[in-house]
Amino acid sequence: MATAGSIRELTEKIRHRAVELGFQKVGFADALYSQRDEARLLEWLALGYHATMGWMFNRKNERGDIKEYFPEARSVVAVGMNYFHGEASGEMKISNYAWGDDYHDVLKERLRELLNFVQEQSPGVRGLTSVDSSPVMEKSWAQRAGLGWIGKHTNLISRDFGSWLFLGELILDCELEFDAPFEEDLCGSCTACIDACPTGAIADEYLLDANRCISYLTIEHRGDLPFEFEDQLHGWIYGCDICQEVCPWNEKFAVTSKEEAFAPRKEIFERSGESWRYLSEDDYQKQFKGSAVKRTKYKGLRRNIAANL
Ligand code: B12
Ligand code: SF4
Ligand code: SF4
C-alpha cells in the first residue's frame, strides 16, 4: 500500500529523472476530467475552427476526457522541452520547431525511457506516452501541471523559456503528488500576437481559427490552398512563428536550446530562396529524412514554395 511518503518519493524521483533526460519543465497533474476544457474543445469544433483536421473531431470524446482514452489514468506527468534556435529568416521560412530532427521521435523516446524508469521503481505501474498525435489536450495538461499559462495566441508560455517548448505527457495509473496548476494569466493587456497575425487567424483572445492559420495551411492542409490564402503565406513554407516571435515573453526569455537533435540542419537553414524553387524530390527525401517537415510531403512543400514565389 502506497503511503504519502512513498508517493512523494516516487514523484521526486520521476521529476529528477525527467530533468536528466533533457526535459527543462516537468510537473504533475491529477488525471481528472475537466468540464471547462471539454466545453472549449466542443465549442472550437462546433465553430469549424479545426478546418479539415477531421481527426480532431473523430476522437473528441477521448480528447475531452482522459478517462475515455485511458480509463485507469490517475496522474499526468507533463513535460516541456525547449527547442528555440532563433527567429526564422530569408525568403522561404521554416518554423523554428522544424529546423532539426522530428520532435515527435525525440520526445517519444525520452518519455519511453521515463516510463521504463517508473516501472523499475514501481513494478506493475502502467502508462502511456503522448506527444502531439495522441488525443490529449496537451497545453491544458501542461497548465494544470504548473508549467505555464495558455497565452492569447493559444500556445503554452512558461516564465523561463517563453512558448518555445514542445509538450509531452506520461499518463500513469498510479498516484503521484500533484503540483499546483498555473493559475495566473500573464498576458495582461497585451495583444501583440493578435495584432501581428497577418491572416487574422486569432479570431478572439485564446481562440484560433485553423482555417486562417498559416501553420495549418502549410502543414496540415492537403490539395490546393484555398483561393483566399494562395498569396497569403507571407514567406512561410512550413509552419509559422509570427505570433510567437512578437510575444514579449519570448523576446525576454527565449533561451537557445542545448538539445543537439534540434540544432538547425545546415542544408535547410542556409538554402537560398532561388534554390528552394528547384528543390527536387530526391533532395527533399535526403534533407528532410527524420524531420517534421516530412508531414507536408514533397507535394505540399512544393505547393508552399510556389505560393511564395
Ligand atoms: C491541432 C493542433 C494545431 C492546429 C490548431 C492549433 C490550436 N491552437 O488549436 C494548427 C495546425 C493550426 C497548429 C499550429 C501550431 N501548433 Co499545434 N497542435 C495541435 C494539437 C494536435 C491539438 C491542439 C488542440 O487541442 N486544439 C483544440 C483547441 C480547442 O484547443 P486550444 O487552442 O488548446 O484551446 C485551449 C485554449 O485556447 C483555452 N481557452 C479557450 N478559451 C479560453 C479563454 C480563456 C480566458 C483562457 C485562459 C483559455 C481559453 O482552452 C482550450 C482548452 O484548454 C496539439 C497537440 C495536442 N495533442 O494537444 C499541437 C500543439 C498545440 N501545437 C504546437 C505547436 C508548436 C504549434 C505551432 C507553434 C507550430 C508552428 N510554429 O507552426 C503552431 C501554433 C499556431 C497557434 N497560434 O496556435 C505545440 C504547442 C506547444 C506550446 N508551447 O504550446 C503542441 C502542444 C504540440 C506539442 N506536443 O508540442 N496546431
Ligand atoms: S501561426 Fe501565424 S498565421 Fe497562425 S495564428 Fe500565429 S501568426 Fe497567425
Ligand atoms: S503576444 Fe502578448 S497577448 Fe499574445 S501570447 Fe504573448 S503576452 Fe499573450
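Mentor: Let's start with two helices, H8 (192-196) and H11 (248-253), which each give at least two residues to the shell around ligand 3. Helices here are DSSP runs of H or I with at least four residues, strands are runs of E with at least two, and both are numbered from the N terminus. Keep in mind that this is a predicted model, where local features need pLDDT of at least 70 and side-chain atom pairs count only at pLDDT 80 or more, while totals for chains, interfaces and linings use all residues. Residues are numbered from 1 along each chain as its sequence is written, and chains are lettered from A and ligands numbered from 1 in the order in which they are written.

The shell around ligand 3 takes in Gly151, Lys152, His153, Cys187, Cys190, Thr191, Ala192, Cys193, Val246, Cys247, Pro248 and Trp249; a residue gets in if its C-beta atom, placed from the backbone, lies within 6 Å of the molecule. By class, that's eight nonpolar, three polar and one charged. Nonpolar here means Ala, Val, Leu, Ile, Met, Phe, Trp, Tyr, Cys and Pro, charged means Asp, Glu, Lys and Arg, and the others, Gly among them, are polar.

His153 turns up again around ligand 2, along with Cys197, Thr199, Ala201, Ile202, Leu208, Cys213, Ile214, Ser215, Cys240, Ile242 and Cys243. Helix H9 and helix H10 (242-245) each supply at least two residues there, and this shell has nine nonpolar, three polar and no charged residues.

Ser215 carries us on to ligand 1: among the 39 residues around that ligand, Ser215 is one of those that come nearest, with Glu138, Leu156, Tyr206 and Gly239. Two or more residues each come from helix H2 (35-46), helix H7 (138-144), strand S7 (165-172), S9 and H9.

Ala210 is partly exposed because it has 19 C-beta neighbours inside 10 Å; buried takes 20 or more other C-beta atoms within 10 Å, exposed 12 or fewer, and partly exposed is in between, with C-beta atoms placed from the backbone. Leaving out residues up to four places away in sequence, Ala210 touches Tyr49, His50, Ala51, Met53 and Tyr216, contact being C-beta atoms, placed from the backbone, within 7 Å. Gly48 is 162 residues away along the chain, yet its C-alpha is 8.7 Å from that of Ala210.

Now for H1 (residues 4-20). Its buried residues are Leu10, Ile14 and Ala18. They span an arc of only 70 degrees around the axis, so they share one side of H1; the arc is that of the directions from the helix axis to the C-beta atoms. This buried set packs against strand S1 (25-30), strand S2 (75-82) and H6. Ala4, Gly5, Arg8, Glu12, His16 and Glu20 are exposed on the other side of H1. Just past H1, Gly22 has a positive phi of about 105 degrees.

Methods: Contact = placed C-beta atoms within 7 Å.
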